Amino acid sequence: MSEHAPVPGQDVTPVRAAPDAVRLLRFGAVTRNAHRIHYDAEFARSEGLDGPVVMAQLHGCLFHRAAAEFAGGDPAAVRAVGWRNRAPACAGDRLTVTGTVREVGPDEIVLDLEERRGDGTVCCRGHAVVARRP
């Protein structure tokens, strides 16, 4: 959070990522997600996709990162993250999470978050709740 009190409508600092095939493979291993659409380009294309797709949980991690950075870099301040996938993102796509403060309460702040591909397509929309620092 900035040194000033957050206010509704305030922007969240964007978080950018461009997960490549290696990151998708490693993330799938860590999360035990062995579905071939996440690491096998030929298989993903046979399923009608442009290439290996980013896992839903990785989108959630990017939302969490945006919320943690808003909370001064404190991941423990993130109380909740929720999102809905809207469109796939593939290995190599440049992803940007942006957002605004929706609500400021006495103990927590609610953020509206959105993730877009480099071409402007919305991949995810959701929210995060962060603890308000004294």
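The legends below describe one predicted model, first the whole chain and then several close-up views.

Residues are numbered from 1 along each chain as its sequence is written, and side-chain values use heavy atoms, with hydrogens and water left out. Local features need pLDDT of at least 70 and side-chain atom pairs count only at pLDDT 80 or more, while totals for chains, interfaces and linings use all residues of this predicted model.

**Figure 1. Overview of the chain.**
The chain has three helices and five strands, where helices (H or I, at least four residues) and strands (E, at least two) are DSSP runs numbered from the N terminus. Read from the N terminus, the order of elements is β-α-α-α-β-β-β-β. The C-alpha trace spans about 50 × 30 × 20 Å along its principal axes.

Of the 134 residues, 40% count as buried. Buried means under 20% relative accessible area, exposed over 50%, and partly exposed in between (1.4 Å probe, protein chains only). The chain carries 17 positive and 17 negative charges, and their mean positions are 2 Å apart. Lys and Arg count as positive and Asp and Glu as negative, with His and the chain ends not counted; each charge is placed at NZ of Lys, CZ of Arg, CG of Asp or CD of Glu. Among contacts (heavy atoms within 4.5 Å) with a separation of 6 or more, 63% join residues 24 or more positions apart.

H59 belongs to helix 3, which covers residues 56–70. H59 is buried because its relative accessible area is 3%. Not counting residues up to four places away in sequence, H59 touches V54, W83, N85, A89, L95, E115, C123 and C124.

**Figure 2. Cysteines without disulfides.**
A search of the whole structure finds zero disulfides, a disulfide being a pair of cysteine sulfur atoms within 2.5 Å. For C61, the nearest cysteine sulfur is that of C124, 11 Å away. C61 counts as partly exposed, because its relative accessibility is 39%. C124 is likewise in no disulfide, and the nearest cysteine sulfur, that of C123, is 5.9 Å away. C124 has 0% relative accessibility and therefore counts as buried.

A67 is another residue of helix 3. With 0% relative accessibility, A67 counts as buried. Leaving aside neighbours within four places in sequence, the contacts of A67 are V78, L111, A128 and V130. A67 and V81 are 14 residues apart in sequence, and their C-alpha atoms are 8.4 Å apart in space.

Strand 1 covers residues 11–17 and includes A17. A17 is buried, since its relative accessible area is 13%. Apart from neighbours within four places in sequence, A17 is in contact with L62, D93, R94 and L95. A17 and G118 are 101 residues apart in sequence, with a C-alpha to C-alpha distance of 10 Å.

**Figure 3. R32 in the loop between helix 1 and helix 2.**
The loop that holds R32 lies between helix 1 (21–30) and helix 2 (41–46). R32 is not a glycine, yet has a positive phi of about 60 degrees. R32 counts as exposed because its relative accessible area is 78%.

**Figure 4. G73 in the loop between helix 3 and strand 2.**
G73 is placed in the loop between helix 3 and strand 2 (78–85). A relative accessible area of 48% makes G73 partly exposed. G73 and R125 are 52 residues apart in sequence and 22 Å apart in space, C-alpha to C-alpha.
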